[in-house]
Structures are given as structure tokens and as C-alpha cells.
Amino acid sequence: MDDFEKYIKENKHQFDEYKADRSKMWSHIESGLETPKTIPLWRKFPLLKIAASILILIGAFSTVNFFITSGFNANNQNNIVHQELKDIDNYYKDLVSFQVQLVKNNPKLQPKDKKEFLSFMDELDEEYETLKLEMTKNLNNEYILEAIVNNYKKRIELIENLLKQINDSKKSNNNDGYIL
Amino acid sequence: METNILYTHKDLVEQSKSGDRNSQYQLYELYIDAMYNISMRMLGTKEDAEDIVQESFIEAFKNLKSFRYESTFGSWLKRIVINKSINHLKLKKIQLTPLDQHEYHISEEANDQVATIDIIKIKKGIKVLPDGYRQIINLYLLEGYDHIEISEILGIAISTSKSQYHRAKKKLIEIVNTL
């Protein structure tokens, strides 16, 4: 490499003499990234801009209208789902509370076992409350619904186990636990 | 040390890969002037250079997932700008390498010593060089590509790249000496 080449290479930065129009070029890049290969029509036909805004206004108006009229229907549907869930919920709640009462009133059980069982139940109750709260936020969440069902299942299983224990000790076939 | 250089602006690049517009803008800010100057030197007009640089950034951000830190982000981007500029010149049917017969009159013993080395004169000289000569001077001296890389970029033989460069340099010195 001779002096001439060396001189140019060493002074390379001096050849960067242009300043880019940053904001203008970025706006082009940004629009290029958002909508690939679309040419904004209103550049060519300014009237289209006005037409487009009118269209948007009409569109917005009709969607608002649509929501207002269909809002009632959607509400009704939601209410039906709510009602159904409430019924299921009530059924299980009654079942569980009935069995808890049975356990509480059972004279054959040791107080220690009773206490342990009830504390388990309380824990599940707490979990259930948080799940229910979560569900009011978004009804369609499958995971939460599943978790609620599991919560109930666990309770019933617990009670079943307990009742089985009692029955084993009683050696009796006549017990309400078989309702399940 | 070398691997560290390859990962320059790694965070910004990674975030840009996932489409973060803010990081993309920061990369743009870092490289826009360098890329614009490269394209200006290759193409010579403001409008062409802006178009090519915009296209290059768009393509770079869209294909960023294929960037695997085999080079720095800067040289990856630069290669896109160079390739796009060359393609643009091809479309405009501007000669990338000059035809040999036009240059036979340049005698081999022409003076290739520069009387006084002056950056302003050199800049002017490069601008008035024939298109083909200017490209090869740009690529070799200013963009720092070697003859193997230039042969890939321009699609010519390595030996052609070498001989063209020497002729271009001779021509440039001639011009600079007359300025």
C-alpha cells in the first residue's frame, strides 16, 4: 500500500460529508415496516383523503350503533351463562356443606381428625373464593373453570375418604356417604 | 476481544428482532449517517441514496432473524446497502466496471506519484471519476473490502478487480494532479 492509499484510508472519516434527513427517512422506514409494499393512495389523490375520513366516520358510527343494539343480546347471553354457573355452584355448595355438617355432627370421630379435616376444608374454601373472584374478571377462562371444578372434586374426595374411614370402623353399610 | 466486537449492540439487535420499534429506531440512529454516506458515494444523488438506504433498513429489520452475529450488525447492514446500491446502478444500466478499450490510451508509465496529497482534491477527484472506477475506489479504499469481497459484490473475477482498481487509482491520481 502506498502513501496515497494510506492517506485516504487514514482519513476515511472525512469522506462522510453528508447528513441524512433522519426524521423523513425514518417515517418512510416505519411505514414500510408496518404495511409492506403499499403505496399511500392519498399521496396521489388528495380527495381520497377526505373520502377516506368520511368512510371512517360512517364505519365508526355503524359499529357504535351495532354495539348498542346488540349489547342487550350479549348481556342476555352472559346472564344465561352466569345463571347456569350459579346453579352448578349452588348444587355443589349445598352438597359440600351438608357433608361438612355430617362430619361435624358425627360422634364417632376423634376431635383431632375432625379438626384436621375442617382445616383442610377451610383451605380449599379460601382457594375457591379467590378462584371465584378471578372468574368474575373473565368468564371465559377455561383454566379457572377447571380449577374450580378440581377444587370441588378435592373436597368431595376428602369427605369420601373420611366417611369411608368412619364406615370401616363402624362396619356398617348404612351411611349417607354412599349418596355420592 | 474479536467475539466481543461481533456482539456490538447485541441487546438492541435482539430487541429489534422481536419487532421492538424503539430499539429499531435506536439502531437506525446509530447507523443512518454511515449508511447514507456509503450510498451517496455509490449513487451520487440524494434521492437515490435516500431510497436505497430506506429500503435497506426495511429489509434489514424484516430479515433480522437471519442475522447470526457472523459479522457485526454494522457490516451486515452495510453489505445490504452496498448490494442494493449496486443493483440500483445495474438497473440504471450504469457500468460497474469500465470497458477496457476506452482506457488503452493511458500509458503504463503514467506518473502515479501524487504531487501534493490533499483530501479536498481527492474528494473532488473521486466524484469526477468515471462511474466504474469510482465504484471500485469506493469499495476498496473507503469501504475497506478486499479484492475477494469486491469480486463477489460486483460479480467479476478477482484478477479483474485488482487490475480495475490499479487503473482506477492511476486515473484518480491523474485527476488529482490536474486539480
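Trainee: Where in chain B does B:Tyr69 lie?
Mentor: Let's start there, and keep in mind that this is a predicted model. B:Tyr69 belongs to chain B, and its place is the loop between H4 and H5.

Trainee: What is the phi of B:Tyr69?
Mentor: Most residues other than glycine have a negative phi. B:Tyr69 is not a glycine, yet its phi is positive, at about 60°.

Trainee: Which loop holds B:His9, and what is its phi?
Mentor: B:His9 sits in the loop between helix H1 (2-6) and helix H2 (10-17) of chain B. With 17 other C-beta atoms within 10 Å, B:His9 is partly exposed. B:His9 is a residue other than glycine with a positive phi, near 60°.

Trainee: How many helices and strands does chain B have?
Mentor: Reading from the N terminus on, the elements run α-α-α-α-α-α-α-α-α. That pattern goes with a count of nine helices and zero strands.

Trainee: What share of the residues in chain A is buried, and what share in chain B?
Mentor: A residue needs 20 or more other C-beta atoms within 10 Å to be called buried. For the 180 residues of chain A, the buried part is 7%. For the 179 residues of chain B, the buried part is 34%.

Trainee: How many residues of H7(B) are buried?
Mentor: Among the buried residues of H7(B) are B:Tyr133, B:Arg134, B:Ile137 and B:Leu141. Their cover includes H1 of chain A as well as H3, H6, H8 and H9 of chain B. H7(B) is mostly covered, and its buried residues number 10 of 12.

Trainee: How far apart are the end C-alpha atoms of H7(B)?
Mentor: H7(B) has 12 residues, so at 1.5 Å a residue it should span 16 Å.

Trainee: Which residue just after H7(B) takes a positive phi?
Mentor: Just past the end of H7(B), one residue has a phi of about 75°. That residue is B:Gly144.

Trainee: Which residues is B:Met35 in contact with, leaving aside neighbours within four places in sequence?
Mentor: Two residues count as in contact when their C-beta atoms lie within 7 Å. With the sequence neighbours set aside, the partners are B:Val53, B:Ser56, B:Leu77, B:Lys78 and B:Val81.

Trainee: How far apart in space are B:Arg167 and B:Ile137?
Mentor: B:Arg167 is part of helix H9 of chain B. B:Arg167 has 18 C-beta neighbours inside 10 Å and therefore counts as partly exposed. B:Arg167 and B:Ile137 are 30 residues apart in sequence, and their C-alpha to C-alpha distance is 9.9 Å.

Trainee: Which helix of chain A gives the most to the side that touches chain B?
Mentor: The contact takes 21 residues from chain A and 23 residues from chain B. On the chain A side, helix H1 (3-10) and helix H2 (22-34) each supply at least two residues. The most, seven residues, comes from H2(A).

Trainee: What percentage of residues 47-68 of chain A is helix?
Mentor: An unreviewed UniProt entry lists residues 47-68 of chain A as "transmembrane region". In the model, the end C-alpha atoms of this stretch are 32 Å apart.

Trainee: Is A:Lys93 buried or exposed?
Mentor: A:Lys93 is in helix H4 (residues 46-105) of chain A. Its C-alpha atom is 8.6 Å from that of A:Tyr152, 59 residues away along the chain. Because A:Lys93 has 12 C-beta neighbours inside 10 Å, it counts as exposed.

Notes
Residues are numbered from 1 along each chain as its sequence is written. Chains are lettered from A and ligands numbered from 1 in the order in which they are written. This is a predicted model: local features need pLDDT of at least 70, side-chain atom pairs count only at pLDDT 80 or more; totals for chains, interfaces and linings use all residues. Helices (H or I, at least four residues) and strands (E, at least two) are DSSP runs, numbered from the N terminus. UniProt positions are given in the numbering used here, feature names are shortened, and annotations may be inferred rather than shown by experiment. The expected span of a helix is 1.5 Å times one less than its number of residues.
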